[in-house]
Amino acid sequence: MHADFPTSDRVVKRVVVAGGGTAGWVTATALVRHLGPLIDITLIESDAIGTIGVGESTVPTFRGFHQLMKIREDRFMAEAQATVKLGIEFKNWGQVGDRYIHPFGTIGLQWSWMADFHHFWLHARAQGFGGELGEYCLEWMAGEANRMSLSSSVAPSYAYHIDAARYARFLRSLAEPAGVKRVEGKIRNVELAPESGHIAALVLESGTRIEGDLFIDCTGFRSLLLGEALGVGFEDWGQWIRTDRAVAVQSTSDGPAQPYTSAIAHEAGWRWRIPLQHRDGNGFVFASDFMSDDEAHARLLAEIEGEPIVDPWLVRFKTGTRTRAWHKNCVGLGLAGGFIEPLESTSIHLMMAAVTRLIEDFPFHGFDDALLDHFNRKSRLEFENIRDFIILHYHVTQRDDSPFWDHCRTMEIPDSLKERLALWRENGRAYQLGHELFRVDSWSSVLLGQGMHPRGYHHVAAMMPEPQLREELARMRKDIAGVVAEMPSHREFLRRYCPAELV
């Protein structure tokens, strides 16, 4: 403890992280890097308990989180055998045979504060010109060309594909030397204080008793602390997101790693492919009401590129959230706090956002209701906004080739999503509130990519004379094509930027 930090009025100092894996080590690393001199951190982890291990695709906020933690990017990428992710390729979502990319970058230019770029593109298309929407996005075009560079005239926005197990080990290598104490063992019992109902200690199977002031539940879907011990309920969103299982397998790489995740829809869900430097991650997400485990297992093995290098494993899940992410002196992070099916790769983002909020709202002086309510309100909003974006993919479809897609296309949806779709359908209006993860470009990419073309658009676009609009759009497409042409291949970028020698 540094002598220049007063401690006389602090009641919360001992932090216990229950569980390792990505969630546990993200939490411990962030806390020790930002609050290290102020708190003592113990992480309980058992080598005998496996991790889910399929959270291998991320979103661009991951980079910002690493920058806050001052993690060197090239070293991390080498350790986690990471590749670049410029967006997500969607196949067969609007109709069988369709394909589009949800890119991570900006589409076009902001020519008017009154209307986003897609209104100008829609106006151009109505006049018979303008090309494809993706031609105005650097990330989309670089992904299609399998190229990547950080030294080009305009750097793309990107995330990563990571090996989840290697990533957890990398974070552990940072956290333990910085002061995190790891304790090996399984949790046998959660002791509650009789008067307050707070968690007093965790008792391991060895008999070791670990006391704490603040407990962070990273025990996965079981939610051993927040759910089981404290009785915080789970709100199931299965009426909107019917997928509830995934079969996952790792395979050999079949060619150069593409700089995007693939999400390929099938008759009862979708299949992912995540390319890493040393292998691919694959999964078959499905709704158990519409497909059996055995059929999903067989389909995955039949459809993956490359050869399996491990036996496939089944993951059962529910999309939803705990009714309170923070209750008494326990915070649920990762799967213990809630889960949204992996279509847009939001699981690691949600845990990183939660630990960032925890650092901002750390209860140095106790667990008052105002602080907990503030934290829980922000957590709830984030989950609901991401939930609606995921439902969008399933609901806005013309597929009628299976009972699953018939259900998704015709089901009732949350009022919050109904409002968004009505605004888009009539006016081409998409929006992003300040707290939301997905931008206007994300909403417009998916809506247009899945065939929901609006009846109208903002007529400010018509104020630009047609010759000028034609010239501006042509110049934009040419500039982006020129930048992409200067980029090395994704494989060459990885070889230069994060070679194995860094490990």
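Buried means under 20% relative accessible area, exposed means over 50%, and partly exposed is the range in between. Keep those cut-offs in mind as you walk through this predicted model.

**Stop 1**

Select E303. With a relative accessible area of 7%, R271 is buried.

What links these two residues? E303 forms a salt bridge with R271, and their closest N and O atoms are 3.2 Å apart. Color helix α8 (residues 293-303), where E303 lies, and strand β15 (residues 269-275), which holds R271; the pair therefore ties together parts that are 32 residues apart in sequence. Side chains of opposite charge can pair when their charged atoms come close.

**Stop 2: F284**

Next, select F284, which has its place in strand β16 (residues 280-286). Is F284 buried or exposed? Its relative accessible area is 0%, so F284 is buried.

Show the residues around F284, leaving aside its neighbours within four places in sequence. You will find contacts with R245, A246, V247, H266, W270, R271, M291, A296, R299, L300 and E303. Both partners of the first stop, R271 and E303, are in that list.

For a view across the model, draw a distance line from F284 to L372. These residues are 88 apart along the chain, and their C-alpha atoms are separated by 37 Å.

**Stop 3: D373 and R324**

Move to helix α10 (residues 369-395) and pick D373. How far apart are the closest N and O atoms of D373 and R324? They are 3.7 Å apart, and the two residues form a salt bridge.

R324 sits in the loop between β18 (320-322) and β19 (326-327), while D373 is in α10, so this bridge ties together parts that are 49 residues apart in sequence. Check both ends with a surface display. D373 counts as partly exposed at 34% relative accessibility, and R324 is partly exposed too, with a relative accessible area of 28%.

**Stop 4: D361 and K378**

Stay with α10 and select K378. Its salt-bridge partner is D361, and the closest N and O atoms of the pair are 3.4 Å apart. D361 lies in the loop between α9 (347-360) and α10, and K378 in α10 itself, so parts 17 residues apart in sequence are tied together. D361 counts as buried at 9% relative accessibility, whereas K378, at 26%, counts as partly exposed.

Now select E267, R271, R273, D280, R299, E303 and E305 together: salt bridges that share partners join them into one network. The structure as a whole holds 47 salt bridges.

**Stop 5: the sheet under α10**

Switch to a cartoon view and color β12, β18 and β21. They make an open sheet of 3 strands in the order β12-β18-β21, with antiparallel pairing. Its edge strands are β12 (234-236) and β21 (338-339), each of which pairs on one side only. Helix α10 packs on this sheet and touches β12, β18 and β21, with its direction making about 170° with that of β18.

Zoom in on β12 and β18, which pair in the antiparallel sense over 3 bridges. Which residue in β18 is the bridge partner of D236? Select G320 to see it.

**Stop 6: another open sheet**

Color β8, β9 and β10 next. This open sheet of 3 strands has the order β8-β9-β10, again with antiparallel pairing. Here β8 (187-192) and β10 (209-211) are the edge strands, pairing on one side only. From one strand to the next, the twist averages 25°.

Strand β9 (residues 199-204) and β10 run antiparallel and are joined by 3 bridges. To see a bridge pair, select A201 and its partner in β10, E211.

**Stop 7: two helices side by side**

Finish with helix α1 (residues 21-35) and helix α6 (residues 164-178). They pack at an angle of about 30°, with their axes 9 Å apart. That makes α1 roughly parallel to α6, and their crossing is left-handed.

Show the side chains where the helices meet. From α1, the residues include W25, V26, T29 and V32. From α6, they include Y167, L171, L174 and A175.

Key
Residues are numbered from 1 along each chain as its sequence is written. This is a predicted model: local features need pLDDT of at least 70, side-chain atom pairs count only at pLDDT 80 or more; totals for chains, interfaces and linings use all residues. Side-chain values use heavy atoms; hydrogens and water are left out. A salt bridge is a side-chain nitrogen of Lys or Arg within 4 Å of a carboxyl oxygen of Asp or Glu. Helices (H or I, at least four residues) and strands (E, at least two) are DSSP runs, numbered from the N terminus. Buried means under 20% relative accessible area, exposed over 50%, partly exposed in between (1.4 Å probe, protein chains only). Two strands pair if DSSP finds at least two bridges between them. Contact means heavy atoms within 4.5 Å. Axes are lines fitted to C-alpha atoms, for helices over the stretch in contact, and angles run from 0 to 180 degrees between N-to-C directions. Angles under 35 degrees count as roughly parallel, over 145 as roughly antiparallel, 65 to 115 as roughly perpendicular and the rest as oblique. A crossing is left-handed if the near helix is turned anticlockwise from the far one by less than a right angle, and right-handed if clockwise.
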